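Dear colleague,

Please find below the structure that I am handing over to you. A written account of the findings comes after it.

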Amino acid sequence: MFHSRTLSIVAALFLTAAVFPQAASSRTSTLRIDCIFSGSCEGSRISLSSMSEAGPWAGRRRNMDKPPLRGNGQISLRDSESSEILYVNSFSTLFQEWLNTEEATKADKAFENVFLVPMPESEAVVRIELYDNRGGLAACGEFSVDPDDILIKKTRRQSAPHRYIMNNGSPQDKIDLAIVAEGYTADEAELFYEDAEAAAGSIFSHSPFKELSDRFNVVAVALPSQDSGVSIPHDGIWKDSALGSHFDTFYSERYLTTLDLFDLHDALAGIPYEHIIILANTDTYGGGGIFNSYLLSAAHNEWTAPVIVHEFGHSFAGLADEYFYDDQFTEYYYPDAEPWEQNITTLKDFSLKWQDMTEAGCAPISKETQLADPDGWAGAPGRFKVGLYEGAGYQSEGVYRGFPECRMKINDWPSFCPICERAIRRIIEFYTE
Ligand SMILES: [Zn+2]
């Protein structure tokens, strides 16, 4: 297991600046940090690949010194001299998902990751932490940033063709979503813009996005690909698409992702963005969403609309899957650790979740009860009650969801459950209030 030198924590609480971190100034530019996370289930390593200056800062200007959620990892930026925390964000990675696969018991692999932070005004320390399934520190890395370093790249790339779908104000004040084309040729740009409008329409037809839509900007980026379509390895199909995405990620047929994070962020050069939605020009069912990294979804099948919203639940709000399997091999959640995802609980610390939305003494409804009485256990859909329903986060036992059905559980349910709705609302407020 890789650990960089331990940070000596000097709490500089006597400094006003440390207690009330200032918002990034309107002139602040973005520091893009390209990293490689590598290793196996034996241990992980975080390596810096390069740093570059990437346009004006479009990220949040409030709550800079705390993460929106705990996440599976965090990045922080701290002033070298005063130790003031300048920025913190949380995330999940495909690398950490891969560490849970059988392949990670036999091989050592490397994954690209990109982080955007506000450019510090003087020397600062970047710290990246990765957590294990119990929330313990699994790896960390630290490196310093000097904003005057001549090797921070200042390449100005030409922006890909793009069009605003929703423009509600300055990127400084809004949550900026970029919808990126994958597997669309230059001739298919109009098809992509139609698909991007439909994708945004699906997201903003769901509460609470619907009511808070004026806090978002949405830009569609028609990144051209050489070939039309994306790679489907289980059918032997490989395409030359701009982001090299493919199905069968970690040998799971419907798991459609891209590992080319450097290319993805290169494609967004010159466009303000914070959250990324990738639409794949395919009618094969699939997708994936990684918290504060991106979501990728097939654009053309009967489930495209709900899948995009489901994956956005992962990538934007860090929501867990509420479905479960009876024969799940990997354990992701343990009874002695409360998951950080807001829509599931192991009951280790239910008070941190939706306990306040339940009746006092609310008893869990076991999986057996749910199976034995499929019509009676939860009442009719219109009368579903918030409670504790066993089965969530891929596990049929020991993990609970708060509502019988939800967008994070099945595609043919029309909305987020009340727990997810509140969690999403809190994230939007965290970014914008
Ligand atoms: Zn839910």
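This is a predicted model: local features need pLDDT of at least 70, side-chain atom pairs count only at pLDDT 80 or more; totals for chains, interfaces and linings use all residues.

Residues are numbered from 1 along each chain as its sequence is written.

Domains

The protein is divided into domain 1 (16-145), domain 2 (162-317) and domain 3 (324-328 + 357-432). These bounds come from an automatic or database domain assignment. Taken over C-alpha atoms, the centres of domain 1 and domain 3 are 32 Å apart.

Helices (H or I, at least four residues) and strands (E, at least two) are DSSP runs, numbered from the N terminus. Two strands are said to pair if DSSP finds at least two bridges between them. Strands of a sheet pair through backbone hydrogen bonds, either parallel or antiparallel.

Strand β1 (residues 29-40) is joined to strand β2 (residues 43-56) by eleven bridges, and the two run antiparallel. They form a hairpin with two residues between them. Arg32 has Ser52 in β2 as its bridge partner. Between β1 and β5 there are ten bridges, again in the antiparallel sense, and Ile33 stands opposite Phe115 in β5.

The six-stranded sheet

A further open sheet has six strands in the order β8-β10-β9-β11-β13-β12, and its pairing is mixed. Here β8 (162-166) and β12 (287-290) stand at the edges with a single partner strand each, so one side of each is left without a neighbour in the sheet. The twist from one strand to the next averages 20°. Within this sheet, strand β9 (residues 175-182) pairs with strand β10 (residues 216-221) in the parallel sense over six bridges. Ile175 stands opposite Phe216 in β10.

Helix contacts

Two packed helices are described by the angle between their axes and the distance between the axes.

Helix α3 (residues 189-203) packs against helix α5 (residues 304-317) at an angle of about 65°, with axes 9 Å apart. The crossing of α3 and α5 is right-handed; a crossing is right-handed if the near helix is turned clockwise from the far one by less than a right angle, and left-handed if anticlockwise. Ala199, Ser202 and Ile203 in α3 meet Ala305, Ile308, Val309 and Phe312 in α5, where contact requires C-beta atoms, placed from the backbone, to lie within 7 Å. By class, these residues are six nonpolar, one polar and no charged (Ala, Val, Leu, Ile, Met, Phe, Trp, Tyr, Cys and Pro count as nonpolar, Asp, Glu, Lys and Arg as charged, and the others, Gly among them, as polar).

The axes of α5 and helix α7 (residues 418-432) come within 11 Å and cross at roughly 45°. That makes α5 oblique to α7 (angles under 35 degrees count as roughly parallel, over 145 as roughly antiparallel, 65 to 115 as roughly perpendicular and the rest as oblique). The crossing of α5 and α7 is left-handed. Gly313, Phe316 and Ala317 of α5 make the contact with Cys420, Ala423, Ile424 and Ile427 of α7.

Backbone geometry

Most residues other than glycine have a negative phi, and most peptide bonds are trans. The peptide bond from Ser207 to Pro208 is cis, with omega near 5°, and Pro208 lies in the loop between α3 and β10. Ser83, a residue other than glycine, has a positive phi near 65°; Ser83 is placed in the loop between β3 (73-79) and β4 (85-91).

Yours sincerely

Definitions and conventions:
Axes are lines fitted to C-alpha atoms, for helices over the stretch in contact, and angles run from 0 to 180 degrees between N-to-C directions. Two residues are in contact if their C-beta atoms, placed from the backbone, lie within 7 Å.
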